[in-house]
Amino acid sequence: MKKLILTFILGCVIIAGVQAQRILPDVTVRSLSGEKIMSSTFNNDGKPIVISFWATWCKPCLSELSAFNDEYEDWFEETGLKIIAISIDDSRASARVKSIVLGNDWPFEVYLDSNQDLKRALNIINVPHTIVLNGKGEIVWEHTTYNPGSEEEVIEQVRQLIK
Amino acid sequence: MNRIYTCLIIILSCFSSALFAQESGRLSGSFESNNQIYRDDSKIGAVAPKDKFGSNNYLKLDYTYGKFKAGIQYEAYLPPLLGYDFNLDDEGIGHKYVSYQDKDLAITVGNFYEQFGSGLLFRAWEDRQLGLNNALEGVNIKFRPTSYISLKAVYGKQRKYFDTGDGKIRGIDGEMNVLEGLKLEGNSVLILGGGYINRYQDYTGPLEDFPSSVNVWSGRVDFIAGKSALQIEYVNKGEDGNSSTSKIIPKGEALLANYSYTQKGLGLNFSFRRLENMTFRSEREAVSNELFVNYLPANTRQHKYSLANLYPYSTQAKGEIGGQIDLVYTIKKKTTFGGKYGTKISLNYSHYNKLEGTETDGVFYKDSKFFGFEGTKLYRDFNVEIQKKWSKRFKSYFTFMNLEYNKGIIEGGNKGLVKAKVFVADMLYKFKKGKALRTEIQYLSTKQDMKDWIAGSLEYSIGSRWSFFVLDMYNSGKTDIHYINFGGSYVKNATRFSVSYGRQKEGLLCVGGVCRMVPAASGLSFSLSKSF
């Protein structure tokens, strides 16, 4: 029990101690055509980017992407944002990712992170996990899990960036 | 123990103050703590451990300074949650590394995760839910001499709980983007790759010609032209040994082929896989999920609903043959079946048979042709999901699944074939001001095993932060037992706290097709996770 309390305290120390601007790390992911791409090269010509980490077996992830899909046209017109969906599916389902993306007609840029290297480098614990990047590529906001309607909070963060 | 903490806190304070002083170094990390207070619950066969408590904790820290990076993962199992291996009952730094990375070259010394191709040959990875971490401890080099060639090399021993396994792993892998290399412009992509892994473990037993050194190689092709894509991967494994048998295990092979056709609104995918003697671990004595070198997930659809996951297929690495077909289709908006918002349909069919052959002293010898499909049926699953949005506020998902599961072979014992049908209705209603209610009703019908099940759940969320649920899984066919759970969670940015109380059924917990048995448990769970 003592160790547990110490662990909690340690957790709190860290949470309180760290406040630095983060950018995307240099990690190789794959495009849907199998080509290798460095995550540090994601860009949207100085406009905001929303990145969603998801998996084919994760129900809230699919709900989130489907909600983004419903709103995408309006959001793009208003803010010029780009949405990147990064699948953490391993080889069990990575072949299905492409059919899901095209079958659902999603307008997102999609990459495969099949051994979860990028997820790990960003210290993401579970999916769905959503990140908002400003025009300079700095991580300005992140959120874990998805509740129906949370997409409003995401676009609100993006709106504040283009003010 | 306390010294470790003192050190950690000092290091952290230094890092934190350095952060404010200058911008060049950066600390990030994550913290996860999963806990349960157990109680005895004789009705479901749950026995609380001696101190009625289990707690799995992970603290991961990464420090980046220019092109250098260093990190640790501290883990404490105080003691481990029920169902995790008792060998984890300890605490310490299970993962540590230093790495250098520039545009073309990356070198990691210490623990690292890595994968060759799809992982059929080699995959070092972590899954906390499975209690699995087979990271290599050694050296990893990645090199890109040109934009279209990439090379990888690994050397080391695999992690086994808080120690390493006995066997040494060395491997290389290369990949070439051929059309880019030949400067052929166009929409086609052709990628060729290949890899090699050697495992060495000393052998002092009586057998002559015993393979203390096991050689495994693979070749793969990825070809995309227009709307079609084809991926083929083949692995050949040399003779191997295992401490559970005195015999030499014959050569193994694996073939994985995927073909997909995709266009706007349509995704079609065919997949075939054949495995023969592909169990590959870095130590002959390893058991359960320890020290796997290759990654062999179940090549079937991974389901989202609890009753659909009651009979999950798990890979039969000694010998299986089969495949799956997957279709995702959107019926356009403003058509009869599409309605105002469009209707989405996904279909999936998978079928796996045992490879024909004989088993003597736990060793499998095949006696069929390469594509022989005469073996016993292991698993068959036909499922369809229809997703329909009715209005801005109301959305529904209907799932039907018809499955056959060879419980006798997959779980062992004399349990025969289970034939089951599963029906799921999942409905979401959004109220005003960010409130939403999701309900799930599931029914599983079977004449075998535990007979019929009914499950239901309600989930109510308020904005992005609060969420509450209550669910019940009820075995109406045989035992009349309810597995009720209720709880809630609070999320703020990348921090999540959740608490729940209830029963957990014993059974297979599978993540990505790798499974572990979880015992029946009952009690109060609480978790905290945070990324920073």
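Residues are numbered from 1 along each chain as its sequence is written, while chains are lettered from A and ligands numbered from 1 in the order in which they are written. Because the model is predicted, local features need pLDDT of at least 70 and side-chain atom pairs count only at pLDDT 80 or more, whereas totals for chains, interfaces and linings use all residues.

**Exercise 1. State what confidence values accompany the model and chain B.**

Step 1. The model scores are ipTM 0.90 and pTM 0.91.
Step 2. pLDDT is the predictor's confidence in each residue, from 0 to 100. Chain B has a mean pLDDT of 92, with 95% of its residues at 70 or more.
Step 3. Over residues 17–22 of chain B, pLDDT stays under 50. For that stretch the model has four contacts beyond four places in sequence, where a contact means that the C-beta atoms of two residues, placed from the backbone, lie within 7 Å.

**Exercise 2. Describe the make-up of chain A.**

Step 1. Chain A contains five helices and eight strands; helices (H or I, at least four residues) and strands (E, at least two) are DSSP runs, numbered from the N terminus.
Step 2. Their order from the N terminus is α-β-β-β-β-α-β-α-β-α-β-β-α.
Step 3. Chain A has 163 residues, of which 51% count as buried. A residue is buried if 20 or more other C-beta atoms lie within 10 Å of its own, exposed if 12 or fewer, and partly exposed in between, with C-beta atoms placed from the backbone.
Step 4. Among contacts in chain A between residues at least 6 apart in sequence, those joining residues at least 24 apart make up 70%.

**Exercise 3. Which side of H5(A) is buried, and what does it pack against?**

Step 1. An α-helix has 3.6 residues a turn, so residues three or four places apart point the same way.
Step 2. The buried residues of H5(A) pack against S4 (49–54), H2 (59–79) and S7 (129–133) of chain A. Exposed Glu152(A) and Glu156(A) are on the face turned away from the buried side.

**Exercise 4. Locate H3(A) relative to its surroundings.**

Step 1. Ten of the ten residues of H3(A) are buried, so H3(A) is largely enclosed by the rest of the structure. Among them are Arg96(A) and Lys98(A).
Step 2. In chain A, the buried residues pack against S5 (82–87) and S6 (109–112). In chain B, their partners are S15 (228–237), S18 (252–263), S19 and S20.
Step 3. Asp105(A), with a positive phi near 60 degrees, follows H3(A).

**Exercise 5. How many residues of chain A touch chain B, and which elements contribute?**

Step 1. Contacts link 49 residues of chain A with 77 residues of chain B.
Step 2. Elements giving two or more residues to this side of chain A are H1 (2–17), H3 (94–103), S8 (138–144) and H5 (151–162). The largest share, ten residues, comes from H1(A).
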